[in-house]
Amino acid sequence: MSFFGKLKTKLFKSSSKLDEGLDAIVHEGDGEPDAPSPSEPPQERSEAQDVPPTPAPEPPQPPKPRAEQPPSREEPREPVQPAIPEDLPRTPDEEAPARPGLLGRLFRGPDAAPVVRRTLDDEMLEQLEELLIASDMGVDTALRVTANIAEGRYGKRLSVHEIKTLLAAEIARIMEPVARPLPIYPKRPQVVLVVGVNGSGKTTTIGKLASQFRAAGKSVVIAAGDTFRAAAVEQLQVWGDRAGVPVLTAPEGSDPASLAFDAMGRAQADGADLLMIDTAGRLQNRADLMEELAKIVRVIRKKDPDAPHNTLLVLDATTGQNALNQVETFRKLADVSGLVMTKLDGTAKGGVLVALADKFGLPIHAIGVGEQIDDLAPFDPEEFAAALTGLATDDAA
Ligand SMILES: Nc1nc2c(ncn2[C@@H]2O[C@H](COP(=O)(O)OP(=O)(O)OP(=O)(O)O)[C@@H](O)[C@H]2O)c(=O)[nH]1
């Protein structure tokens with residue numbers, strides 16, 4: 001509940017864009033209110049025959065007590081479900097599902113507005129495609145999603161809620177295979193190399209992950225491998241202090257590979273569970289960066305031939321389609337094993353995550369939904385799809 005509520009709130013911009021767009025599309029066409037039949041509840045209950053057959057609809061949940069209702073945008077903070085793997089200790093309330101209940105939707109009251117529907121035709125499909133492309137889903141993904149929505153429904157009359165339900169199901173289907181927490185191996189230390197352009201949120205993500213692993217009883221060491229930016233090192237130290245994790249640093253301008261080697265030695269000597277290595281993100285000189293990353297990998301392999309065990313690429317959601325280029329670039333620079341998408345809060349570009357999943361199929365380990373230490377959550381496709389399409393907002397109404 002808590003995470004769903006927060007994501008819903010945080011993804012407000014993305015969902016409102018799709019929300020408003022879908023609303024406009026349905027109302028713009030031949031959208032006519034359906035005559036309410038005596039047996040039909042006032043809101044959109046006839047959708048059941050049109051919602052996609054897979055994935056299966058969520059079972060109805062009882063209505064939540066008032067205190068658990070999603071927060072208003074003004075409400076300051078709400079705990080986010082940790083992004084670390086599920087076999088690590090969790091607090092009980094994290095398991096709570098968050099689907100608003102069928103009853104909640106049924107009991108909207110007799111005064112609810114009549115349902116407006118529009119016939120699904122070429123023009124409407126084109127408008128849907130454009131809307132999805134404008135939401136940063138990318139052309140290929142937008143076309144495929146729209147085609148899937150249209151299949152078997154061409155000529156049928158659909159309401160906004162029905163389209164959102166179909167869209168959310170399509171998005172969740174694309175995202176399902178990539179939603180995987182950071183794998184944890186029995187190997188000690190498990191070395192996690194963190195790469196990404198400057199400002200993407202690497203430092204913050206390392207701090208958040210370190211904090212979550214610490215809270216789960218794991219010992220963590222951080223290496224401040226961006227030795228060219230004193231500010232980056234300082235920032236990492238602040239995050240390390242917050243998380244209660246040692247941060248190994250080296251003088252400005254010194255060789256990051258040498259720091260990584262020392263950090264590996266320290267992590268081994270300490271019996272640390274995890275070593276997270278921050279790296280520089282200067283894409284201006286790709287050859288240098290590639291050599292730097294390759295050297296880090298070479299030296300840590302002297303101590304463990306299997307290291308790094310994970311190479312996390314941190315991407316900033318607010319860069320939209322540019323995130324796709326960054327994945328392509330960093331896959332050439334390093335053996336990227338998974339993604340973390342930051343800054344999904346307050347951006348209208350969340351759709352890029354769908355394009356990334358569709359195009360690369362790389363695991364999405366976690367998403368950043370804020371600047372605070374607990375603002376890193378596991379990636380849940382259904383919650384994300386509901387939040388992105390505005391379905392969550394509907395349900396909460
Ligand atoms: N709103 C929001 N801000 C974030 C999130 N993650 C990181 N930030 C902010 O993004 C900015 C850049 O984050 P950093 O962690 O410094 O990024 P970096 O990749 O380490 O950048 P360099 O140190 O320049 O290499 C900071 O102001 C963070 O507070 C997030 O999930 N949401």
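**Legends to close-up views**

View 1. Helix α7 gives the largest share of the shell around the ligand, three residues; helices are DSSP runs of H or I of at least four residues, strands are runs of E of at least two, and both are numbered from the N terminus. The model is a predicted one, in which local features need pLDDT of at least 70 and side-chain atom pairs count only at pLDDT 80 or more, while totals for chains, interfaces and linings use all residues. Residues are numbered from 1 along each chain as its sequence is written. In total, 20 residues surround the ligand, the closest being Gly201, Lys202, Thr203, Thr204 and Gly368 (a residue is near a molecule if its C-beta atom, placed from the backbone, lies within 6 Å of it). Both α7 (202–215) and α8 (230–243) supply at least two residues of this shell.

**View 2. Crossing of helices α6 and α12.** The axes of α6 (residues 160–175) and α12 (residues 352–360) come within 9 Å and cross at roughly 45°; axes are lines fitted to C-alpha atoms, for helices over the stretch in contact, and angles run from 0 to 180 degrees between N-to-C directions. Helix α6 is therefore oblique to α12, since angles under 35 degrees count as roughly parallel, over 145 as roughly antiparallel, 65 to 115 as roughly perpendicular and the rest as oblique.

**View 3. Residues joining α6 and α12.** Ile171, Ile174 and Met175 of α6 meet Val354, Ala357 and Asp358 of α12 (contact: C-beta atoms, placed from the backbone, within 7 Å).

**View 4. The protein chain.** The chain contains 14 helices and eleven strands.

Technical notes
Contact = placed C-beta atoms within 7 Å.
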